[in-house]
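Please look over the sequence and the model below. A short report follows the display.

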Amino acid sequence: MEDVRKKAEKDVQELKESMGGYVPHTLTCIKKHHPGLASLIRDMDQVMVHDGALDKKTKRLIAMACVAVRMCDDCVYAQAKVAKNFGATKEEIIEAMNVAVLTGGVPTWSVAKHSIEKLFEEWDE
């Protein structure tokens with residue numbers, strides 16, 4: 001079990017570096033309580049941290065819109081924060097949220113508003 005925990009620690013540190021120095025609190029909890037899952041998330045997240053046909057910023061904006069539609073406020077913050085770390089502007093984040101509203105309805109904004117406000121407040125500090 002100790003090997004799994006060490007691997008998870010390494011994998012989450014790698015994710016932190018690849019996400020601009022940010023680790024979502026949810027991932028920290030997963031690492032603590034289910035280290036094998038944290039490593040699996042790192043493996044799956046590789047598509048998100050490298051440019052391909054879509055650049056990594058665009059991928060995070062898409063992910064933010066998706067999790068907003070899924071009504072996960074904590075997830076919105078994490079995806080928006082990493083999108084910002086990858087160069088997204090406030091305007092791009094708002095536009096991606098507008099797309100989410102078109103596909104998920106106005107409650108999408110209701111769920112995401114605290115995360116977006118928190119990020120923008122940090123941005124202005």
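## Basis

This is a predicted model, in which local features need pLDDT of at least 70, side-chain atom pairs count only at pLDDT 80 or more, and totals for chains, interfaces and linings use all residues. Residues are numbered from 1 along each chain as its sequence is written, and side-chain values use heavy atoms, with hydrogens and water left out.

Helices here are DSSP runs of H or I with at least four residues, numbered from the N terminus. Buried means under 20% relative accessible area, exposed means over 50%, and partly exposed lies in between (1.4 Å probe, protein chains only).

## Start of the chain

M1 sits in the segment before α1, a helix that spans 2-18. M1 counts as exposed because its relative accessibility is 63%. P35 is 34 residues away from M1 in sequence, yet the C-alpha atoms of the two are 9.0 Å apart in space.

## Helices α6 and α7

Helix α6 covers residues 90-104, and helix α7 covers residues 107-124. The two pack at an angle of about 175 degrees, with their axes 10 Å apart. Therefore α6 is roughly antiparallel to α7. Axes are lines fitted to C-alpha atoms over the stretch in contact, and angles run from 0 to 180 degrees between N-to-C directions. Roughly antiparallel means an angle over 145 degrees.

Contact means heavy atoms within 4.5 Å. On the α6 side, the residues in contact include I93, I94, M97 and V101. On the α7 side, they include W109, I116, L119 and F120. The residues of the contact of α6 with α7 divide into 12 nonpolar, 3 polar and 2 charged. Here Ala, Val, Leu, Ile, Met, Phe, Trp, Tyr, Cys and Pro count as nonpolar, Asp, Glu, Lys and Arg as charged, and the others, Gly among them, as polar.

## Nonpolar core

The largest nonpolar core has 29 residues. Such a core is a set of buried Ala, Val, Leu, Ile, Met, Phe, Trp, Tyr and Cys residues joined through side-chain atoms within 4.5 Å. Residues with the most contacts inside this core are L61, M64, V76, I93, M97, I116 and L119. Helices α1, α4 (56-69), α5 (73-85), α6 and α7 each supply at least two of its residues. The largest share, 6 residues, comes from α5.

Take I116. Beyond its neighbours within four places in sequence, I116 is in contact with M64, V76, A80, I93, I94, M97 and W109.

## Salt bridges

Side chains of opposite charge can pair when their charged atoms come close. The whole structure holds 9 salt bridges (a side-chain nitrogen of Lys or Arg within 4 Å of a carboxyl oxygen of Asp or Glu). D11 bridges to K7, with the closest N and O atoms 2.8 Å apart. Both lie in helix α1, 4 residues apart, about one turn of the helix. D11 counts as buried because its relative accessibility is 1%. K7, at 42%, counts as partly exposed.

D11 also forms a salt bridge with R42 at 3.8 Å, N to O. This pair links distant parts of the chain, with D11 in α1 and R42 in α3 (residues 35-44), 31 residues apart. R42 counts as buried at 16% relative accessibility. E14 bridges to R42 too, with the closest N and O atoms 2.7 Å apart. E14 in α1 and R42 in α3 are 28 residues apart. E14 is partly exposed at 28% relative accessibility. Through shared partners, salt bridges join K7, D11, E14, R42 and D43 into one network.

Key: Parallel < 35°, antiparallel > 145°, perpendicular 65-115°, else oblique.
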